[in-house]
Amino acid sequence: MKHCNGIVMDKYIGLLLACCLIAGCTQHNKGVEEEDITEDFRCTCPPTIYLQPYNDFSQQEAKALIPHLNQFLNDCSLPGIDIEVLPNIQLTDSLLNDKRTRYRADKMLKSLPEEQFNAVILLTHQDISVTYKGRADWGVQGLAFQGKHVCVVSDFRVKNKKRDNWKVVCHELSHALFNLPHCPNDDPHCIIKDAKGHPDFSNKTRLCKKCAGKIKI
Ligand SMILES: [Zn+2]
Ligand SMILES: [Zn+2]
């Protein structure tokens, strides 16, 4: 059994293969592979999920996500988890890519103080990227360390931000908090369906029954 807590920062270095990334580069049409770590993972769900807005991602925008997250958690039979918005912090130049055009999602996750590695969702309007399949700088909507309670979401590549950004948050949260892999049914209505290079959350509002049934407390 793996536990969600007691995480050591340097353990993340080898975890990128287990990450989820939602590709937003429409010019690239390759699917995203993801490792299904284990089926019997049990998550000690935290009492609080923290939202960490960066720069101009306002407190109001972060707070607007809370009702959606509460509904999602309720649909997952996980009511009663508090959601709090942390004070804004600033992205630093050390988190930029080599060309200084995007912020590195992996660096953002690894930059967190260890005590914050417990159910925190980073929120930004800035473009974020990872290295993926030989491409040094692949733009993404989100990145999660699967089963490790940390994820980052950027709405930079989300076309209908008001309608869909909370869904990207719930997609990444499902990887990070529930250790879920992408939907094995490839259900078009399942919020954790693999984006396969073309994120489309227009018809997704919740996990399918099979994915929801995998969550073990
Ligand atoms: Zn994913
Ligand atoms: Zn599913």
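**Reading the model**

Author: Begin with confidence. pLDDT is the predictor's confidence in each residue, from 0 to 100. The chain averages a pLDDT of 81, and 77% of the residues score at least 70. This is a predicted model: local features need pLDDT of at least 70, side-chain atom pairs count only at pLDDT 80 or more, and totals for chains, interfaces and linings use all residues. Residues are numbered from 1 along each chain as its sequence is written, while chains are lettered from A and ligands numbered from 1 in the order in which they are written.

Reader: Which element has the lowest mean pLDDT, and which the highest?

Author: Strand β1 (residues 19-23) is lowest at 56, and strand β4 (residues 103-104) is highest at 98. Over residues 1-19 the pLDDT is below 50. Where pLDDT is low, the predicted coordinates should not be read in detail.

Reader: How many helices and strands does the chain have?

Author: Helices (H or I, at least four residues) and strands (E, at least two) are DSSP runs, numbered from the N terminus. The chain has four helices and eight strands. Their order is β-β-α-β-β-α-β-β-β-β-α-α.

Reader: Is α3 enclosed or open?

Author: Count neighbours. A residue is buried if 20 or more other C-beta atoms lie within 10 Å of its own, exposed if 12 or fewer, and partly exposed in between; C-beta atoms are placed from the backbone. In α3, 14 of the 18 residues are buried, so this helix is largely enclosed by the rest of the structure.

Reader: Which residues touch the most other members of the largest nonpolar core?

Author: A nonpolar core is a set of buried Ala, Val, Leu, Ile, Met, Phe, Trp, Tyr and Cys residues joined through C-beta atoms within 7 Å. The largest one holds 47 residues, and I121, C151 and V152 touch the most other members. The largest share, eight residues, comes from α3.

Reader: What is C151 in contact with?

Author: Two residues are in contact if their C-beta atoms, placed from the backbone, lie within 7 Å. Leaving aside neighbours within four places in sequence, the partners of C151 include I121, L143, L173 and A176.

Reader: Where is N55?

Author: N55 sits in the loop between β2 and α1. Its phi is positive, about 50 degrees, although N55 is not a glycine. N55 has 14 other C-beta atoms within 10 Å, so this residue is partly exposed.
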